Amino acid sequence: MVDAPELAPAKLPKPELLSVEDAKALDVPRMTELFKAHLNPGQLHFMKLLGFHKVKIERAEGMYYVDQNGRKILDFFGGFGSLAFGHNHPRILEARKKFQDEKRHEIAIAFMSQYAAAFAHNLAQCSPGDLDMVFLGSSGSEAMEAAVKLAERAAGPKRPKMVYAENSFHGKTKGVLAITDGQLYRADFRLPGDNVRVPFGDIDAIERAFRSDPEIGAIVLETVQGGGGIVQAPAEFWVKLRALCDQYGVIWVADEVQCGFGRTGRFYAFEHYGVVPDITALAKSLGGGKTAMAAMIARREIYMKAYGAPKTAMIHAAATFGGIGEASITAIEAMNILYDEGLIDNAADTGAYLLERLNALKDKYPKIIKDVRGRGFMVGLEFQDFSRTLPMVLRPLVGVLDDKLKGSLSGFVGALLLRDHDVLVAFTEYNRNVIRLEPPLICGREHVDAFVDALDTLLGRGIVAIVKDFVKSQMS
């Protein structure tokens with residue numbers, strides 16, 4: 001008789017894991033090391049260009065981040081529109097704490113969830129027309145995937161094509177990537193669908209497409225293009241689009257992931273134009289800045305065509321984390337705050353003040369600022385091509401480099417706003433000359449004044465000084 005060897009230790013050894021307190025205590029060099037080793041070394045390159053890699057955020061409240069040195073950073077970035085309520089809104093924190101303290105249930109796949117049901121009701125109450133059927137998810141991409149799948153099924157197998165716009169962004173997952181117009185994201189992926197691309201806001205191009213191709217079953221458009229540089233179409237475009245979709249039986253999907261939920265001064269941006277799409281999607285601030293929450297909202301007639309029978313009901317039912325308890329109650333509380341605190345009205349009023357002050361800067365620095373556009377707290381500040389900011393004698397020499405230099409001025413300004421003025425701004429994917437401003441909807445006039453005064457001081461130094469200071473920052 002021999003003893004059999006032990007096949008596995010009685011207790012698995014614990015790997016060298018960092019604790020929550022270890023994570024909290026990481027310094028910038030160690031954070032950089034881990035980010036480079038395990039997350040995205042290429043992204044770190046751009047952080048270093050902007051000087052953002054030197055910042056460790058310790059906490060955040062309201063309109064401000066606070067870094068490792070106790071510096072308060074005014075947030076005009078807003079997580080690409082994900083922070084409507086600012087950082088750590090006290091009512092949202094309290095709702096989540098109470099939910100946890102009461103040990104409420106999170107995942108209710110086998111049962112109905114009172115929290116998901118109540119949240120879906122609230123979305124229907126806030127949505128115009130007959131937008132009242134809701135699918136809950138965790139990200140904008142997921143909500144848009146649900147939207148285009150619903151549109152395809154409702155349109156039918158003989159009409160699988162979709163129309164999308166130049167410079168559009170609808171997500172990075174593979175389905176919506178096929179209607180996202182950015183080579184950076186599309187790369188060399190093999191994407192589904194034989195879709196039709198049109199210029200954004202060109203109603204004649206859309207009508208030609210509808211008329212010439214009976215296989216088109218849906219059109220997918222951002223109401224305000226975010227990644228395209230905060231681009232809007234005129235009011236008459238949306239009215240004509242609704243009429244064309246009705247005439248040709250095409251389903252209109254409005255992507256409101258970034259521009260919806262009060263950001264433009266109405267709950268949905270399309271409400272400014274008195275029209276209602278067939279399907280829409282929300283995400284970003286829907287989770288109150290504390291959880292990942294997204295939703296597709298559709299007309300009941302459209303929804304029932306796709307998933308109305310018991311045999312089709314589960315084709316696109318909620319995923320495991322769609323509408324889980326704490327995420328739903330966070331979104332419920334967020335929607336109540338949106339109205340209780342008048343944040344949609346504030347976005348309209350204070351957003352108009354922001355545009356007014358930025359347009360005054362445009363008049364003051366016409367050689368630097370090319371355009372100011374947007375609505376509410378979704379604003380684009382576009383700089384001139386680099387050669388246009390220089391003396392006339394230098395413009396022909398530098399002009400040949402304008403395409404390669406695109407984004408450099410917005411990058412310089414963004415980096416120096418953070419370094420010298422404690423202000424954080426965002427950028428856009430397609431038009432790199434644009435700084436994107438999407439502050440929380442709690443933003444007041446005093447915050448607008450602080451931001452615009454800082455920008456005025458910076459631009460007043462002149463382009464040569466801005467470039468010199470940026471170059472110096474890269475050497476330090």
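Predicted model: local features only at pLDDT ≥ 70, side-chain atom pairs only at ≥ 80, totals over all residues.
Residues are numbered from 1 along each chain as its sequence is written. Local features need pLDDT of at least 70, side-chain atom pairs count only at pLDDT 80 or more, totals for chains, interfaces and linings use all residues, and side-chain values use heavy atoms, without hydrogens and water.

I start with the sheet. It is open, with four strands in the order 1-2-3-15 and mixed pairing. Strands are DSSP runs of E, at least two residues, and helices are runs of H or I, at least four, numbered from the N terminus. Two strands pair if DSSP finds at least two bridges between them. At the edges are strand 1 (57-61) and strand 15 (423-424), each pairing on one side only. Strand 1 runs antiparallel to strand 2 (residues 64-67), and four bridges join them. Arg 59 has Val 66 in strand 2 as its bridge partner.

Now the rings. There are 14 aromatic pairs in the structure; rings of Phe, Tyr and Trp (its six-membered ring) pair if their centres lie within 6.5 Å, and planes under 30 degrees apart count as stacked, over 60 as edge-to-face and the rest as tilted. Phe 76 and Phe 451 are stacked, at 4.7 Å centre to centre with 20 degrees between the planes. Phe 76 is in the loop between strand 3 and helix 4 (78-81) and Phe 451 is in helix 18, so the pair ties together parts 375 residues apart in sequence. Both Phe 76 and Phe 451 are buried, meaning under 20% relative accessible area, with exposed over 50% and partly exposed in between (1.4 Å probe, protein chains only).
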